[in-house]
Structures are given as C-alpha cells and as structure tokens.
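Colleague: I'd like to learn how to read salt bridges and nonpolar cores in a model like this one. Could you walk me through it?

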Amino acid sequence: MLALTHRSYAYEHDEPNNERLEFLGDSVLGVATTEYLYRTYPDLPEGKLAKLRAAVVNAHALADVARDLELGPMIRLGKGEIRTHGAEKPSILADVMESVIAAVHLSAGHEASTRFVQHLFVPLITEAAAGKGKQLDWKTRLQELTASLGLGLPSYTYVASGPDHRKWFEATVTVADRARGTGAGSSKRDAELAAARQAVSTLSAEQPANED
C-alpha cells in the first residue's frame, strides 16, 4: 500500500508516503529503458537514444501507463485531493507509477523490475523509434484518425470549476457532431489530452476489423 499512498493521505493519517519509492522508481525506470535502447538500437548515436528515452520517460507517458493499469482508483489520497479529483491528475498518476516500479524492484529484484518496465514501455519506445514521436500527443493522434476517416476536425468544449488557484477542467471532444470522449485535468491541455485519448479508443473500436 505504501506505493499507492500520496503525501496528502499520509499527512492526514500520520503514515509514510510514497515519495521515497518515487525517487527510486525514477532511477529504475531510467536504467531499464536506457539499457533496452542501448541493446536494441546499436547503430543509433547517443543523441538519438536520448531523444527516444525522453519520448517515453516523462510524466505524460507515466500517467498514460498508470491509466492503462487503472491505478487511479487505488491511490490513497487525502480529502482535499479527493475533492479536486487527484486520482485523475497526471502528476499524481506519474508519481504513483514510479512508486509501483520501485515496489516491484524492491520486492522482486532487478531482473523482475526490468522486465516489468520493458513490458509497459517498450511499445512506446517502438512507436517512437518508428517515427511516430507524437504518440503521447493524443490530440494529434485524434486529428490524424478523424482525417483518415473523413470525419473532419475534432472540437473541444470545457467546464471549469474550483478556485482560481486550483482550477479543475472537464473537457468533451466532439467529432462529426457526436461527443466521442471526455477527460479531466488541472489544465485545459490535460483535460483535452484525456478526452482525445478516450476518443481515439472509441473511434478505433468502432472500425471493422480487416479481413484477409
């Protein structure tokens, strides 16, 4: 449970938080991805390897992976973070993902944590290496998808709530006059990205499978 314990919950309940695990997980993630890149792309120079690593070892990528694992509902948050939808905030999801990586490393060892990281992040590395470096920009992916389907450009609407110093945004993306995805975040961009991500999934699922 320590890996899922945010400092807001820890403060209210006088418990340790996951920040030390987050510190370790960041290093484990970096080493595992760097080693994979080094071994898999022997002809790439250091600069290009660094760009590939940066494309997937960042807060947005970590938050996306955490969402795929459905970690958000399991995070232990304080009352204030619960009120402001902390389980959906990219920064909190990214930190928890790093903490979970560290927990795997401490409980199962280097080999297991390396396999865990590579299982989760190699698809992102492969996509970035194939020249799809915008794979984390869900707005771009959605726009490309709607264009290929002849559906026109997506449009976004917002609802903002909360005080000025702690705004919360909820976004809806509309494609061809139909709402295709919703998302939320502490900035308009985060809300847009979350909505676009859901829309990409929705539209992709609606497409018929290719038949040979």
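Colleague: Which residue forms a salt bridge with Asp64?

Modeller: Keep in mind that this is a predicted model. Asp64 pairs with Arg197, and their closest N and O atoms are 3.4 Å apart. The two sit 133 residues apart, Asp64 in helix α4 and Arg197 in helix α9 (residues 188-206), so this is a link between distant parts of the chain.

Colleague: Is Asp64 buried or exposed?

Modeller: Buried means under 20% relative accessible area. Asp64 has 9%, so it counts as buried.

Colleague: And what about Lys89: which residue is its salt-bridge partner?

Modeller: That partner is Glu81, with the closest N and O atoms 2.9 Å apart. Lys89 is buried at 12% relative accessibility, and Glu81 is buried at 18%. Salt bridges with shared partners also join Asp64, Arg67, Asp68 and Arg197 into one network.

Colleague: How many salt bridges does a search of the whole structure find?

Modeller: The search gives 10. One of them joins the side chains of Glu15 and Arg76 (2.9 Å, N to O).

Colleague: Now the nonpolar side: how many residues does the largest nonpolar core have?

Modeller: In soluble globular proteins, nonpolar side chains tend to be buried together. Here the largest nonpolar core has 36 residues, and Tyr41, Val96, Met97, Val100, Ile101 and Phe121 have the most contacts inside it. Helix α6 supplies the largest share, 8 residues. A second, separate core of 14 residues includes Leu142, Phe169, Ala195 and Ala196.

Notes: Residues are numbered from 1 along each chain as its sequence is written. This is a predicted model: local features need pLDDT of at least 70, side-chain atom pairs count only at pLDDT 80 or more; totals for chains, interfaces and linings use all residues. Side-chain values use heavy atoms; hydrogens and water are left out. A nonpolar core is a set of buried Ala, Val, Leu, Ile, Met, Phe, Trp, Tyr and Cys residues joined through side-chain atoms within 4.5 Å. Buried means under 20% relative accessible area, exposed over 50%, partly exposed in between (1.4 Å probe, protein chains only). Helices (H or I, at least four residues) and strands (E, at least two) are DSSP runs, numbered from the N terminus. A salt bridge is a side-chain nitrogen of Lys or Arg within 4 Å of a carboxyl oxygen of Asp or Glu.
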